[in-house]
Amino acid sequence: MRTNTITINGKEYLLCFSVRVIRDCTERYGDMGKIGEVLSDKDPVKGLDEAIWLLQRMMDAGSRYAKIEGLENPEPLSCDGLYDCCGLDEYVPLKSKVMETIVGGQKAGIEVEPSKNAKATPGKG
């Protein structure tokens with residue numbers, strides 16, 4: 001599950017890029033590849049609107065996930081609540097947090113454990 005957090009007015013909210021959010025984005029944009037385009041700096045106000053919409057969906061999904069996992073999380077803000085708490089100057093940080101949440105789970109992590117029969121090789125000093 002792709003999760004992240006954002007702090008707004010001193011409260012930390014869990015963000016989640018769940019299948020529900022993916023479905024909402026696909027319905028709104030046609031396909032996931034258009035998210036970067038709608039968040040572009042071509043029209044900062046439209047980009048802010050889309051960042052707010054995405055952030056609210058991720059906050060809602062984060063709240064659902066927190067309830068399932070028994071985690072404490074404040075009630076998610078509505079889009080109107082986010083508009084009241086955020087300014088146009090916060091567009092870039094909002095956009096960054098949204099994109100960080102979307103792509104954060106795409107990083108592959110591989111852990112390698114030596115086999116039990118492998119010989120230890122001394123490190124070079």
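User: What pattern does the protein follow when it is read along the sequence?

Analyst: This is a predicted model, and the protein in it has 5 helices and 2 strands. Read along the sequence, these elements give the pattern β-β-α-α-α-α-α.

User: What percentage of the residues in the protein are buried?

Analyst: A residue counts as buried when its relative accessible area is under 20%. The protein has 125 residues, and the part of them that is buried comes to 33%.

User: Which element gives the most residues to the largest nonpolar core?

Analyst: The largest nonpolar core has 27 residues, and those with the most contacts inside it are Leu-54, Leu-55 and Leu-94. Two or more residues come from each of strand 1 (2-8), strand 2 (11-17), helix 1 (19-29), helix 3 (44-69) and helix 5 (91-104). The element that gives the most, with 9 residues, is helix 3.

User: Which residues is Leu-94 in contact with, leaving aside its neighbours within four places in sequence?

Analyst: Leu-94 is named with Leu-54 and Leu-55 as having the most contacts inside the largest nonpolar core, and Leu-94 belongs to the helix 5 side of the contact with helix 3. Leaving aside neighbours within four places in sequence, the residues in contact with Leu-94 are Ile-6, Leu-48, Ala-51, Ile-52, Leu-55 and Cys-86.

User: Is Glu-50 buried or exposed?

Analyst: Glu-50 is found in helix 3, and, not counting residues up to four places away in sequence, Glu-50 touches Arg-28, Tyr-29, Val-38 and Leu-39. Because the relative accessible area of Glu-50 is 3% and the cut-off is under 20%, Glu-50 is classed as buried.

User: Which residues of helix 5 make the contact with helix 3?

Analyst: The crossing of helix 3 and helix 5 is left-handed. On the helix 3 side, the contact is made by residues including Pro-44, Gly-47 and Met-58. On the helix 5 side, the contact is made by Tyr-91, Leu-94, Val-98, Thr-101 and Ile-102.

Key: Residues are numbered from 1 along each chain as its sequence is written. This is a predicted model: local features need pLDDT of at least 70, side-chain atom pairs count only at pLDDT 80 or more; totals for chains, interfaces and linings use all residues. Side-chain values use heavy atoms; hydrogens and water are left out. A nonpolar core is a set of buried Ala, Val, Leu, Ile, Met, Phe, Trp, Tyr and Cys residues joined through side-chain atoms within 4.5 Å. Buried means under 20% relative accessible area, exposed over 50%, partly exposed in between (1.4 Å probe, protein chains only). Helices (H or I, at least four residues) and strands (E, at least two) are DSSP runs, numbered from the N terminus. Contact means heavy atoms within 4.5 Å. A crossing is left-handed if the near helix is turned anticlockwise from the far one by less than a right angle, and right-handed if clockwise.
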